[in-house]
Amino acid sequence: MGTAAAAVEISEPLLQQDEAAPVELDEPIPDWKEQITIRGLVVSAVLGALFCIITHKLNLTVGIIPSLNVAAGLLGFFSVKSWTGFLTKLGFSTKPFTRQENTVIQTCVVACYGLAFSGGFGSYLLSMDEKTYKLIGEDYPGNHAEDVKNPGLLWMTGFIFVVSFLGLFSLVPLRKVMVLDYKLTYPSGTATAMLINSFHTHTGAELAKKQVNSLGKYLSISFCWSFFKWFFSGVGDSCGFDNFPTFGLALFNNTFYFDFSPTYVGCGLICPHLVNCSVLLGAIISWGFLWPFVSSKAGDWYPAGLGSNDFKGLYGYKVFVAISLILGDGIYNLIKIIYVTIKEMTTKRQSLPTITEVIDSNTSKLLLEEKKRDEIFLRDRIPFWVAAAGYVCLVAVSMSTMPLIFPPLKWYLVLCSYIIAPALAFCNSYGTGLTDWSLASTYGKIGLFIIASIVGSNGGVLAGLAACGVMMSIVSTAADLMQDFKTGYLTKSSAKSMFVSQIIGTAMGCVIAPLTFWMYWTAFDIGSPDSAYKAPYAVIYREMAILGVEGFSELPQHCLAICAAFFVAALAINLLRDLTPKNISRYIPIPMAMAVPFYIGAYFAIDMFIGTVILFIWERINRKDAEDYAGAVASGLICGDGIWTIPSAILSIFKVDPPICMYFKPSGSS
């Protein structure tokens, strides 16, 4: 998945197409039912739960989620290979592990943990809770008590079930058009397919074994380090290595410090250098210059002595400037994708190329292989009536249940959303196929503003946030499905097995994602600005909904002017990136990535930058080694820290506190 949504998700192609081993033409292709196995589904559920935990942690802390597709494919391959090897040693016969089964596992895992992101557990759903309502201020204009709905395991699970399957049925009839006729690239889906194909060759299997060993090694290191850190983290949120004043207390007070987080260092290793540098630049601009300047205007621009979380003061500037950058980047990319989509489709209709083929042995083999892929992809058809009937039935269920969960969101508003959703899902899926950039959250925010403004002050905030979830889920899952169809096409997997495994993975996610979120909700202080789990996008999404209802009249002094400047800057930076040559544009920062530290702080930017520096040096010393193992090392760091969350949550639930509080103060203070 590659998205700029409630969180920023970063992905890029991991293998070039010409580097992957080709699939043998005479390889036996199992029936679509044989591609979906019990062992594959068990592995998918376990890995799905692990990646849901990791995604929730990232969503609730900084909101930046790197692509975990490599780790999913690698761990899926390793898990089944280890299991079959173990059974073989015991004398049991096992079915061969095929690339098609590997693809099904990959699809299930990604569909499952994707709901931890698109389900809004760190954004629009959490925006509805009482803590976020009180954080913004009970007397804040447009922030009404009737727009509060606290998290509940039952209603959240029901909501996810209702909205998550619609995207799967909305574009199924267009799979041939998107994959075969338009030949869209879907870079992440292509890279995943090449990775899976390489696993199922002798050379690729050897490399995969070494990558798994590397992943396991750094997973163990990360887990042990997180366990060690826990002993010094004390009670509260100001103790331990997470609050280590690496660069001195003055910079620490402006959130510039290294917090020894394996997760964020791992993110830095996975995310492109430009993303990491953009995050650091955003931290320097905001916490190095802008916020100290605005703080100096206390008593002039806003009342002095306000609390650190009062929207009438500095906190309001932080939130709204971050929103302006996110919206500027999102709107620009939305317009760009629509323009590119229309241009490409028009060009394809008008151009009737004359092809002169020069056939040699290599070309003939490639053409035969492509023909075989096309044949397999089209063999197991998914009837149009199945997709249409499924969509209509799900719309009917949603129209009857959504108003019960969110009373301000009337049935006719739900119906209107679902009428226009397939068109938006097509735009997003086509754009993702061209650029690998999903704009699900941008479509969600458009739905948020429109519905919030239509409903108005009588429940508009709650209705807008719910509509955001509806729109975001549909366009996100539709793009993910097309990405999976591309992966299945390149690994010679049945389109029907891809569709069924996506449904199974989504069903798993509808249960696992709320359960793993509930673990965080019951164990930690979620949403508090002073906690480790700030849930930054909860406040941002609620403020967006309030803006949709109330407008800009209640912003702090000069806040609107600063926001407008950053909104225009985001548009200008994106335009500059598109107009300049590639050798220059690759050094121009990404506004969406710059926006995150404006609200959260600079500490995670330091961690991610350390990760990118490690990768940069590694690439200079041994580029091939870095290409082969950086993803595995990063995944190990992220997974180890994520796994520690489970025992940490259990200790917290049973009120077992760390024995030591390590903190720092000036030497002259008592």
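Visitor: How many cavities of 30 Å³ or more are there by the rule used here?
Guide: This is a predicted model, in which local features need pLDDT of at least 70 and side-chain atom pairs pLDDT 80 or more, while totals for chains, interfaces and linings use all residues. Residues are numbered from 1 along each chain as its sequence is written, and side-chain values use heavy atoms, without hydrogens or water. A cavity is a set of points on a 1 Å grid over the protein atoms alone where a 1.4 Å probe fits but cannot get out. For cavities of 30 Å³ or more, the count is five.

Visitor: What is the volume of the largest cavity?
Guide: Volume here is the space filled by probe spheres set on the joined grid points. For the largest cavity, that comes to about 80 Å³.

Visitor: Which helix gives the largest share of the lining of the largest cavity?
Guide: Eleven residues line this cavity, each with an atom within 4 Å of a point. N69, V110, Q483, D484 and T487 are the closest to its centre. Two or more lining residues come from each of α4 (99-118), α9 (187-199) and α19 (460-490), helices being DSSP runs of H or I with at least four residues. The largest share, four residues, belongs to α19.

Visitor: How many polar residues does that lining have?
Guide: Ala, Val, Leu, Ile, Met, Phe, Trp, Tyr, Cys and Pro count as nonpolar, Asp, Glu, Lys and Arg as charged, and the others as polar. The lining has two nonpolar and two charged residues, and its polar residues number seven.

Visitor: At what angle do α25 and α26 pack?
Guide: Helix α25 spans residues 603-621 and α26 residues 623-653. L615 and W618 of α25 are among the contact residues (heavy atoms within 4.5 Å), as are Y629 and V633 of α26. The crossing is right-handed. With axes 7 Å apart, the angle (scale 0 to 180 degrees) is about 145°.

Definitions and conventions:
Left-handed = near helix turned anticlockwise from the far one by under 90°. 1 Å grid on protein atoms, 1.4 Å probe; cavity = no way out; pocket = protein on both sides within 12 Å on 5 of 7 lines; lining within 4 Å.
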